[in-house]
Amino acid sequence: MRILLLASLVPALAAALSTSNSFHEALTLHPLPDGKLSVLFEFTTYFASASTGSSLRQSHHYLTPPSLLLPLEHNNISELTVSFVAGQWDQRRSGEAGPLHYESGGGGGEVRGWLRSNGDKAESDRAWTAVTHALGGLFCAGLGPSDEGDIVRSFGDIYPPHRGSPSNLTHYLLPHPFLHLCTENLTPFLSLLPSKGLSGLSSLLAQPGTVFSWGFKSEGIEVIMPDETSPGRWRGWWEGVVDLVPERGGSRAFSLERIFGRGIPRPFPEAETSVLRLMVSEGMSMEPEAPKREGKWIDGRYREVAEWDLLEPGMQGRDVRFWWDGERDFVHPRTLRPPSISVLRTVTAPHASDGTFTIRFSNAGSESRRAVYSEVWPWWVKGWISEISLRVDGSDESRDDLLDSMSYHPSTPPTPSTTSLHLFLTLPAQSTLVVSIPFTKLTLKYTEHRPDAERGVEIPSGILNLLDTIGEPESVSSDVPLGVENARQTARRRIYTNRLLLDVPTPDFSMPYNVIIMSSTVMAVFFGLMQGALTRKWGWVELPKGEGRGKQGEDEPKAGVSVVEGGAQLAGSSS
Amino acid sequence: MLRRFRRAQPPELTSINYTPEHVALAKTIARRRRIVSAIARSIPLIRLLLVSVGISWLLALPYEGLWKETYVDEHAIQPAQVTMYFDWANVHRADRYLDELERIANATFEERSSYTASTFADAGLSSGNTSHATFAHVAPPRSAGTETILVSANWISRDGGPNLRGVAMLLALGDFLRGQNHWAFDFVLVVGDSYLTGLEDFMRNYHSLFPGVLWTALNIDYPGHSFSHLGLFYEGVNGRLPNQDVVNTVAHVARYAGGSPIRYHDVDADQARSGYLVAAKHLLAHFSFAALGRPSGAHGVLARHRIDAVTLYCSPAEGPHGFHTLGRTLESTLRSYNNLLERLHASYFFYLLPRPDRFIPVGHYLPAAVLLGASITIGGFDCQEPLAGLLWLVPAFVIGYIGWILQTPLVSLVALVLPRPQGNARHSMSALAHLLYGALIPTLAMVNFPQAILLATIGSPGTDIIDSASWRAEGTVVRDR
């Protein structure tokens, strides 16, 4: 009887949950000007709080992964983003300041998030460490801090919370520039998705042999936990860049079959929406034609987006083909239009002990921009903050007026800690601002060198946070021509610099043994001298005539000599 | 001990030596003094002995007993272990680039530079110019851009002629590398103007253009229309040598992947001739570059930037090798470089190469320089007035320093008109100079053996000994006065 009752309850419960839970997936294709294609998978789940109102501690999960959400809930997390980036995003050749997904971080791995706090710092820190360790287990990567000091707390303004006021939230950032894509393993990511890579768009992604051969790769999750008023949202994204031009040259024409080896997959039954999008580039044709084409503001440009609904009956198994009219051999353009803002960070004068970060901010737009540039350094990078200099490329004149203010959080060497630096900059129109930050490398302890010490150490990407963006308006008057640009109409607020490897002064690791041998020898010789001096007694002896120092011996009949261990035997010899 | 006391003469109770122990001690001291004075008298002989052993050691270097067989120390390199993709289609491309280059061979640098830059751009690479070089950046799909390999070909070959085939090879390489996804490093391809200046100019600008760290590099020098051997030139500026793994890797790859025999410095290592003479020729060629700090190829300017590099010189001949062999050698070598996880760092920077496949480890050649240095040091032990000597050394150092600032040795002519030290001051100054050189030569030998030997030769130990003997005689007179 009770089993029957339970069985009758299950569909009702499922229905109740599904009203507040929904799953959406999208695949976006974005052809880039140098013959490449950016491919972005996005999986979004909206969910209500999983804990039931009962007095027992229990929770129900329907579309959401408990392994991800339970640690977050348990540790009072309000928002959390994990991002892994491998490879390099070429700003100059892609014409875009960063990948299609705006939440992608800089190089390597990175965890950041907001924690609901009650003012107890130690308790918040403990919760944050627990969460990062739990995620590390989930993503098979050492995501937790190797030391408490690795955690950065001054980036709350750079990553403002989606919900709630920063006053009762604490922000944490943990950069791991040397981490890669989970040792190129897709399973942790796919296992979080409700479709598990078996159906829907995730089955296109679940081909490690294909997707890991792509160029720049970005994988990440962003979780916003539900509160009393609004549901939660968790999004996972996976982005890669495919080179469309064959190795020996040819046409860029491509299709889903050619990229993924299969057509439109079997739909995931629980998906509310499942769409394929294409950001149409000039002269592009497609088959089948998209049922929906509209103009949209994306990343500072008004672009045409074609959209296919993959849930429509008859779509399964079909291929979608794309080509450029009349293109037989793709010719790489000789000049490429740069994105409105691009950033390049290099190290000049890289001596073993000193160097200078040179960061070049290129503003190709016609208006000056306001932005904050942020850096995070390990403790052993000691920046000379008073020596920071600014100039505009092409002139040697100092332009310190372009630096409005700065905020500097020094590290506390030699305990592992981080330095963070925020520069409030004005980026003048149509010019390149060059910021130089000299620094000294402090000496690492013998045990602090990473394995493969001679490689150097990667440091986190710098972040340029634009202060004057106005978002991407949803509703647009129909008379805006395609391709028109307004650099500020973008939801991309953060632009990351390229990755950077710093040479560190590395000892010869066989040296400690040499040092031990040398110092032991010195000690032995010193002991011998001291012992001799302390036990010697001084007295006089007379040298035989005609001997000793030849001719001169005659003038010196007496010579002071030492008598070793002779104290007792030479009782009366001292003068 | 006891026996010594028993043998001792009876003590004279009236003298100072009133115990047997005093007597024994007196004898010991006297004996010690006799030995010291005997040694002091034969110092010129000892120095002569040291010098002759040192010189014989030098002369023995081309003898096989001092050599070892080469091996690749860094296991990551795995030379010639990969499938190569460079094929005849790429050779055809190189030939087509060569036709174009021959047309513009006598054009201005701007014209040549705009051709190479646009050719690189057509191949899908970012390209650009510094004032004396053209460069292209290959960013393979899976590379993180944190480490970079440099490949260069300059317009002028090391033998003075145009290096058109080298540049054509580099252009074909740029086209070949794009889109391949097994590379973990970025590549920077550089075409420098003239022989050295272009590459040096590029390296001065490198760190403001690219973020990648450079560990290894290759320079292509292909002046003829075909080649019979690949000549490896490895000496950098100031006698700095690349890690021996680089030389061994290129040599191994050229032979087993490229299929071309190799030579060092284009010295014919024909087995039919005496092994000793061939080795001596190799060492002399090495000494001729390193002793004066001259680079043996355009790769040499990379040495001061801590980049391990060699020049691949295609010795002009009627055949049988061409772009195909060179391209495969380059590809396979770059694949080996691509395997590196960290900078080459084993203590493998000190070596002499007497023949392909053989090297002389540092422990087998350093004693020659140490012996010569020791001989000079001994010559400086007799220093009566160190302070006066030091005072007289000051003008010498000042002249040297001014010469270094003005970058001309002519300043040393000033020394001819300056007053000279006399008597004891002169001997002391000479002794201090001996001590200085005696310390300098073995130390320098560690980093630049040929230069240390050159310095020791200029010091001319033979005349020095005669000289020091006469000082000694003179010195005794002075002391007796």
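A salt bridge is taken here as a side-chain nitrogen of Lys or Arg within 4 Å of a carboxyl oxygen of Asp or Glu. In the predicted model described here, this rule gives a count of 46 salt bridges over all chains. One of the pairs joins Arg233(A) to Glu222(A), whose closest N and O atoms are 2.9 Å apart.

The interface of chain A and chain B was examined next. The size of such an interface is often expressed as the accessible area lost when the parts come together. Between chain A and chain B, about 4,400 Å² is buried, and carbon and sulfur atoms give 49% of this area. On the side of chain A, the residues that lose the most area to chain B are Gln88(A), Arg248(A) and Glu454(A), which together account for 14% of what that side buries. Chain A contributes 56 residues to the contact, and chain B contributes 52 residues.

Side chains of opposite charge can pair when their charged atoms come close. Six salt bridges are found across the interface of chain A and chain B. Among them is the pair formed by Arg306(B) and Glu454(A), with a distance of 3.9 Å between the closest N and O atoms. Two or more residues on the side of chain A that touches chain B come from each of α3 (91-94), β14 (341-348), β25 (500-502), β26 (537-542) and β27 (558-563) of chain A. Sorted by class, this side of chain A has 20 nonpolar, 14 polar and 22 charged residues.

On the surface of chain B, a nonpolar patch is formed by Val394(B), Val398(B), Tyr401(B), Ile402(B), Trp404(B), Ile405(B) and Leu406(B). The accessible area of these residues together is about 720 Å². Ile405(B), one of the patch residues, is located in helix α12 (residues 386-406) of chain B.

Two features of the backbone were also noted. In chain A, the peptide bond from Glu287(A) to Pro288(A) is cis, with omega near 0°. Pro288(A) is placed in the loop between β10 (284-287) and β11 (292-298) of chain A. In chain B, Asn238(B) is not a glycine, yet has a positive phi of about 55°. Asn238(B) is found in the loop between β7 (227-233) and α8 (244-258) of chain B.

Terms used:
Residues are numbered from 1 along each chain as its sequence is written. Chains are lettered from A and ligands numbered from 1 in the order in which they are written. This is a predicted model: local features need pLDDT of at least 70, side-chain atom pairs count only at pLDDT 80 or more; totals for chains, interfaces and linings use all residues. Side-chain values use heavy atoms; hydrogens and water are left out. Patches are made of residues with over 30% relative accessible area and no salt bridge: like charges are joined within 9 Å, nonpolar side chains (Val, Leu, Ile, Met, Phe, Trp, Tyr) within 5 Å. Accessible areas come from the Shrake-Rupley method with a 1.4 Å probe; for residues, only the protein chains shown count as cover. Helices (H or I, at least four residues) and strands (E, at least two) are DSSP runs, numbered from the N terminus. Contact means heavy atoms within 4.5 Å. Buried area is the accessible area (1.4 Å probe) that two parts lose on being put together, summed over both. Ala, Val, Leu, Ile, Met, Phe, Trp, Tyr, Cys and Pro count as nonpolar, Asp, Glu, Lys and Arg as charged, and the others, Gly among them, as polar.
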